[in-house]
Amino acid sequence: MAGSAAPAAPPPPAALLRWAPLLVGTGYVAVVLMAADTAPTDLARYAGYLLLALVLPGTLVYRALRRRPHTLVEDVAMGAAVGLVLELPAWALYAWLGLANWLWTWPAAIVGLFLAVPGLRRHWLVRDYRPAPVGWSWSVAGAVAFFTTYLSSTFLERNPILPTSEGTRQYLDLAYQLSLAGEAKHQFPIHLPQVAAERLDYHWFGYAHMAATSLIGGIDLPVVALRLTIPALCAAAIVLTAVLGWRVSGRPWVGAIAAVLFFVIGETNFTDPVTMPFGTQASFVIWHGMSMIYSWVLLIALIAVLADVVDRRADRPVAPIGRGAFVLAPLLMLASSGAKASSLPVVGLALAFTAVALLIATRRIPWAVVAVGAATAAAQLFATAVLYRFKAYGVAVDPLASSLEPYWTPPPDDWPGPVVVLAVVAVFLVNMQLRVVGIGPLLWLRRGRLEPVQWFLLGGALAGLAFYLALYQPGSGNQYFIRAGFPFAVVLSAWGYVLLAERARLTRRATAVLGAGALALAGTLVAVQFRYAGPATGEIMFDWLRPLLWWSAGLAVLALLAAGLWRPATSGVATLRGRGAIVLLTAVLVVGAPGLLMDMRKSERSPNGGAYANIPLPKSRIEAARWARDHSDPDDVLATNVHCLAVVNGWCDARSFWLSAYAERRVLVEGWGFAPRVASSGSYTPFWDQDLLRRNDAAFTEPTGAGLRELRDRHDVRWLVVDRSVGEESPALGRLARLRFDNGRMAVYELS
């Protein structure tokens, strides 16, 4: 009828609103990867691998083991972790049988089992899920998008998949990681690819995962290592953190806030370029050593399972996993044992702490906790004896030696000794622990009467800190223990935050105002640091801490002034009464917000994400290595005349990994600087078999028929790779071996 109002547009379907965060989040990650020169076909292959070869079989197995469903996102996230666990024995079996190219059939076996067995078919379709709050989903998707942006700035944009020129540079460890993935792709058992006969006593499970990704997905290994794996594992860790917080607390927002504290709030700092005084930026250890993020995915899932074992109460807010937890826990422990050496010690100490706390509180032995503690000890023994063969990698009990003591030794001339020690401790807590201050309100609100799972989370947070402070390891390796404690700590901190917010009885409007205020404060802090932060300068290590010390002192004064003025300023505003504590805690947690943005700023100004070991990776070298890969058999061994990253005062820095990385082949002797047997003595340690090294080098400088035959028959060397910028090969080599590749700088000879 003329003049009548147009009918209102129908609301969007509820299903679309529920799935929008997932679609937007995954779409954003895909766009970022394609902007970093990832081919759409590789993305499609990787998506197929994730869905069909990891998430699907893992989710089916998780559903079969857990008692009742909670949420779909939990089933899928925990299923992804279980898929990573199942992938390891499948890879080992297929590799041992020489059937690595058939690895794609292992998920089909799981799927076929769940199709064939009547009792398992019900796990294909689950209807009793609790819907995830839309706000929770958008928060998690936002955290994934933010951290993917961070990775793009610091990692993806800085490191091309393959070198583009002779001047290309790359962070040192990336080639080493790629070489381990290539070794796992073609060999079993695993050796150190830079020294063909040397066994690899190391946490290498993450590199087997990359190898499986390449084998099953049919994706070039550099694409897997330098584009796909790390963003995907980071996204999985973010979602799992959100799932863990919700599961253990029964409050969805505990999980969302924990994910933000873990992957959005960085280390607190006030230098530009940003410094890393007590180890490294947590985010930096993710891409420069993917074993950290791989281990976090498994560890977060393990915490969720152990939390179910620790808390056996019938009135838990989330449906328990049930008896299946006693199957899942050992599986995740075994996978964690070879994912990162720092994971299980933290878990074990957390369980011991929990057992003692529950024994005191209930006067009964918590046998379930004791049982999983024994399983943790068994998994650690397996790792120590079988994977690491009792190598300590320089780890020693020396409290504070590589954590805090270097900052007060020697002390600054203008500070009294005790004051310096207190200042270093304070700066350490601000730098590394500010995001976990929510633990304090939780302990206060609970009056020390914690739930069993809260004891467990507190134990993990303290265990990571204790190992970090008590142990010494060259190169700040002890920092990985405190990183292993982070998942425990951020969940407990977020739980304390939510409890304090509930106590404040925030309305929806007040919550929105608090959130807007937090964003405004974060933006202000970022702007101030961008404008006023400067480089750390000085002659002693304490000088690195001065900017953060004064920045922290200034913020503390402002916080005290605000706290003193809060009551009189809000006396006439009823909505603000009783809410000062949650406002203060919000402000404190937000202080670290500039951390990752400052790291991105540093990356924009320097090559390769600002990494310190930024080395040349000439295109000509990688062309030769990949030619050797394409024309050799996986069991062939290469020999090269390149061993040193640099020669300093006659000493070889033996961290050359490019050939084994991009050829995906073992090398008789390449670089030995990361070999387990010299890990504690440094990369300038001479090679332990000087006779072998001499015979290797003689093949290029003084080749003889007998010498080349010995390399071929005794050491399986089939190819000689020469870098003429290091040393010209002897003219006699062309008469004794067949020249197959030559691009001017590089030459590859075949031994007949």
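A charge is said to sit over a ring if NZ of Lys or CZ of Arg is within 6 Å of the ring centre and within 35 degrees of the ring normal. Keep that in mind for the first view of this predicted model.

**View 1. Arginines over aromatic rings.** Here the charged end of R447 sits over the ring of W444, at 5.2 Å from the ring centre. A second case involves R601, whose charged end sits over the ring of F530, 4.4 Å from its centre.

**View 2. F155 and W287, a stacked pair.** Searching the whole structure turns up 32 aromatic pairs, and this is one of them. Because the ring centres of F155 and W287 are 5.4 Å apart and their planes meet at 20 degrees, the pair counts as stacked; the cut-off for stacking is under 30 degrees. Look at where the two partners come from: F155 belongs to helix α5 (residues 134-156) and W287 to helix α10 (residues 284-288), so their pairing ties together parts 132 residues apart in sequence. F155 is buried, with 0% relative accessible area, and W287 is buried at 0% relative accessibility.

**View 3. F262 and W296, an edge-to-face pair.** The centres of these two rings are 4.9 Å apart, with 75 degrees between the planes. F262 sits in helix α9 (residues 252-263) and W296 in helix α11 (residues 291-310), so this pair ties together parts 34 residues apart in sequence. Are these two residues buried or exposed? Both F262 and W296 are buried.

**View 4. An aromatic cluster.** Step back from F262 and W296, and you can find them again in one aromatic cluster, together with F147, Y150, F263 and F486.

Conventions:
Residues numbered from 1 in each chain as written. Predicted model: local features only at pLDDT ≥ 70, side-chain atom pairs only at ≥ 80, totals over all residues. Heavy atoms only, no water. Phe/Tyr/Trp six-rings, centres within 6.5 Å; stacked < 30°, edge-to-face > 60°. Helix = DSSP H or I, 4+ residues; strand = E, 2+ residues; numbered from the N terminus. Buried < 20%, exposed > 50% of the residue type's maximum accessible area, 1.4 Å probe, protein only.
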